[in-house]
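Hi,

Here is the structure I promised to pass on to you.

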Amino acid sequence: MGAGSLGATVDDYNGDNFDHSGLDFIHGGSISTKQYGRRPIQNNTVPSDTPSWGKDFKAQSIKYQNRWISVDSQGASMPHRNNYLSLDPTYKDSFGNPLLRLTYDFTEQDNRLFKYISDRSAEILDEMGAELVEPREITDHFDIEPSQNDHITGGVIIGDDPETSAVNNYLQMWDVDNVFVIGASNFAHNGGYNPTGTVGAFAYRAAEGILNFRENNGQLVKGKNKNRMA
């Protein structure tokens, strides 16, 4: 039935924690099971070939109410030239300025990583003694509507070179020195973890930079100032 955010994560297939020899992708992903607590109507999990109503549906609903487990993975999403931000040619804000447009889709890297992690997840469930394992299939194209839990990152990337990044290591804009941008937009790519903890660390880092900025009477905080690196 679940107990809040009760769960466990296998990190063996994340990042470089495993041998990539012979594999056709880089990075990896975490494999997790989380028991949030399920409502009996909204979260009615039954085998995929179960009718959506009737006697069999009711019997399978009762049987699997406390006999199923969901295993999910959070994989890395690596940068690709076909995924980018641009100014929308059609939609504008109330001031007539074009809105920001996100162009994003799955890459071959994403598909290969998904297949590998999905296979490992199925193997784990088989070893746990599951009588039925139903792996999900990745869609041909990314669709934000059914996902609801995607961590889309990047766009205002952190770095030490104004030519290849938008903010320095204090999250201060290279081009507008009194603007600090803090968030998952600073990520060069999304790893196999939730971004929240790192975003929190970025907030502390930016706070230090803002204090530094004020103490130096508005002078640019140098991105390579090693004496103040966190």
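The accessible surface of the chain comes to about 15700 Å², and carbon and sulfur atoms make up 52% of that. These areas come from the Shrake-Rupley method with a 1.4 Å probe, and for residues only the protein chains shown count as cover.

Before you go further: this is a predicted model, where local features need pLDDT of at least 70, side-chain atom pairs count only at pLDDT 80 or more, and totals for chains, interfaces and linings use all residues. Residues are numbered from 1 along each chain as its sequence is written, and side-chain values use heavy atoms, with hydrogens and water left out.

Now the overall picture. The chain has four helices and five strands, in the order β-β-α-β-β-β-α-α-α from the N terminus. (Helices are DSSP runs of H or I with at least four residues, strands are runs of E with at least two, and both are numbered from the N terminus.) The C-alpha trace spans about 75 × 45 × 40 Å along its principal axes. The radius of gyration is 22 Å, while a compact globule of 230 residues would have one near 17 Å. That radius is taken over C-alpha atoms, and the globule rule is 2.2 Å times the number of residues to the power 0.38.

How much of the chain is buried? Of the 230 residues, 28% count as buried. Buried means under 20% relative accessible area, exposed means over 50%, and partly exposed is in between (1.4 Å probe, protein chains only).

Strands β4 (residues 84-92) and β5 (residues 98-103) pair in the antiparallel sense over five bridges; two strands pair if DSSP finds at least two bridges between them. Leu-85 has Leu-102 in β5 as its bridge partner. Five residues lie between the two strands, and Gly-96 in this hairpin takes a positive phi near 85°.

Strand β5 also holds Leu-100. Its relative accessible area is 61%, so Leu-100 is exposed. Leaving out residues up to four places away in sequence, Leu-100 touches Leu-85 and Ser-86, where contact means heavy atoms within 4.5 Å.

Compare that with Ser-118, which sits in helix α2 (residues 108-128). Ser-118 counts as buried because its relative accessibility is 17%. Beyond its neighbours within four places in sequence, Ser-118 is in contact with Pro-135 and Arg-136.

Cheers
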